[in-house]
Amino acid sequence: MNQYLKKYSGPLLVGGFVVAGIASAAITAIPSVPNISNGDILQASDINDLSSSVVILDERTTQDCGAGNFLQGFDSVGVKICKNLSDELALLNPDQDGDGIDDSWETTNCSSTGGDCDPTADLDSDGATNLQEFIAGTNPNLADTDGGGEEDGSEISAGRNPLDSSDDVTGPDPLPSGITIAAPNNTILASVYDDNYIPISAPDGTTDPLVDVQGTLTTTGKTLSLAYEVTGSSVNLPAFSQTVTVAAANTEDGQSRDVTLSYPAQTLAVGTGTITATMVSETADLNAKKLDIDQNYQEANWLTLAEFTIALDGTNTAPVKLQAVPGIPDANFGDGEHDFLYMPVVAADGTTYLNNNLGAEYNDVHSANFNPTQQATTEDDHLAYGSLFQWGRPADGHELMSCTDGTTCTSKYGITSTLSSSLTPLNNLFITNGTSPYDWTTTDSDGSLRTAFWSKADGTGICPAGFRVPTEAELEATRVAENITNSASYL
């Protein structure tokens, strides 16, 4: 039995209509549609740009199903089967406004906004957008859908199940009066696999030197130093332990792991000091998912594997994250001269540093010695020397050095004794000055401008975004925490 299709205007179908009862026919009124046969499916792409006219397949030119309807076909005795277009569209495309959320879900859950959910809004202020709540199956009007004590947004961001109360991480017990803990830094694992990352903003598809680093948290774990201050009298600090499950999707081997952050009970005297906490993977090592450099190098795109909450005092808390990062590109990465890829390392005092000096050959993706996780093996390991910056000067090339051994290094672009009259010299020569105060420039005599420039942490200074040149006091604090007393203990 032949049939005809009613054309329509409006949203395209996600699915399609089955063409039933047709032996064969050529439809020329619809662009790019070939002969169709019994049982074929017309997709939305086949009936694109439809008007309100009728495509004739046989002699039944006068049959119609009325406004808003279309003829799907005929039954066994020739009675036409009419369908309502709006109903069928709802079945085939449940998201008519294209915002990623099914219309029926919006009607049910977003009555306060007229049945239309803004996918970026957060109705219950739990940290999860309406789109995230729809995907997760949670209630956008209830902050903690599973009732386990942790809000949906926190669970979703940490990779936990917001519909399972057993994996909720609730807040820690308040600390005793008289003690305050400083908010700690996050723990970072360098984990990356990438061979196409230059230029960093839009890789050109050519093969770059492979960076393959597996970030691992072992069952022995990592230590964190938590700075504290005790006032009044000594404090008996109770033990702390919190376990978070890392989702299998965030591991390289697809194995979910439990990670625990803890510190023991202890008595702390009046004054300041550090509490040693430990973060370990339970049962077996955690192998973090390997990331893509250009897609994940910005801090906002680092992968949070686990998020803990510790008490800072009797009222306040702070998050502690375990994050995977793909390496830290140099601030000028991609210019052909500063293509250095660093790895983050966390010192005993909790400070995160780049693993080598800026410009170290170990971190140069173009060097035969490229090995981004390698650090100096001896105090005169010239592959870890890196660049020789003149104080406060930009990375204009003057700092680039070529070293053949531990005692022989030359400036890549040469040397001049002509001082610069500005803080941005017109050349990339290394400037020497044999007269006190031995400065390379005749301006900024008090150094305030250069101090401010090297303090930048937004990527417009000499350091990558998120990093800055440390102060002398900060370096000394790290030296003490690491118990560095000589070159041997430094290595």
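Which residue in strand 15 is the bridge partner of glutamine 242? The legends below refer to a predicted model, and the first view holds the answer.

**View 1. Strand 14 pairs with strand 15.**
Strand 14 covers residues 240–246, and strand 15 covers residues 257–263. The two strands run in the antiparallel sense and are joined over seven bridges. In strand 15, leucine 261 is the bridge partner of glutamine 242. Glutamine 242 belongs to the covered face of strand 14, together with Phe240, Val244 and Val246. The uncovered face consists of Ser241, Thr243 and Thr245. In a regular strand, side chains alternate between the two faces of the sheet.

**View 2. Glutamate 155 is a buried residue in helix 4.**
Helix 4 spans residues 152–157 and includes glutamate 155. The relative accessibility of glutamate 155 is 0%, so this residue counts as buried, the cut-off being under 20%. Leaving aside neighbours within four places in sequence, the contacts of glutamate 155 include Asp144, Asp146, Arg160, Asn161 and Asp167. Aspartate 167 is 12 residues from glutamate 155 in sequence, and their C-alpha atoms are 8.6 Å apart.

**View 3. Glutamine 390 is a buried residue in a loop.**
The loop that holds glutamine 390 runs between strand 24 (352–354) and strand 25 (401–403). Glutamine 390 counts as buried because its relative accessibility is 8%. Its side chain reaches the backbone oxygen of isoleucine 431 at 2.4 Å. Not counting residues up to four places away in sequence, glutamine 390 touches Ile431 as well as His398, Phe430, Trp440 and Trp454.

Methods: Residues are numbered from 1 along each chain as its sequence is written. This is a predicted model: local features need pLDDT of at least 70, side-chain atom pairs count only at pLDDT 80 or more; totals for chains, interfaces and linings use all residues. Side-chain values use heavy atoms; hydrogens and water are left out. Helices (H or I, at least four residues) and strands (E, at least two) are DSSP runs, numbered from the N terminus. Buried means under 20% relative accessible area, exposed over 50%, partly exposed in between (1.4 Å probe, protein chains only). A polar contact is a pair of N or O atoms within 3.5 Å; within protein, one must be able to donate a hydrogen and the other to accept it, and residues adjacent in sequence count only if both atoms are side-chain atoms. Contact means heavy atoms within 4.5 Å. Two strands pair if DSSP finds at least two bridges between them.
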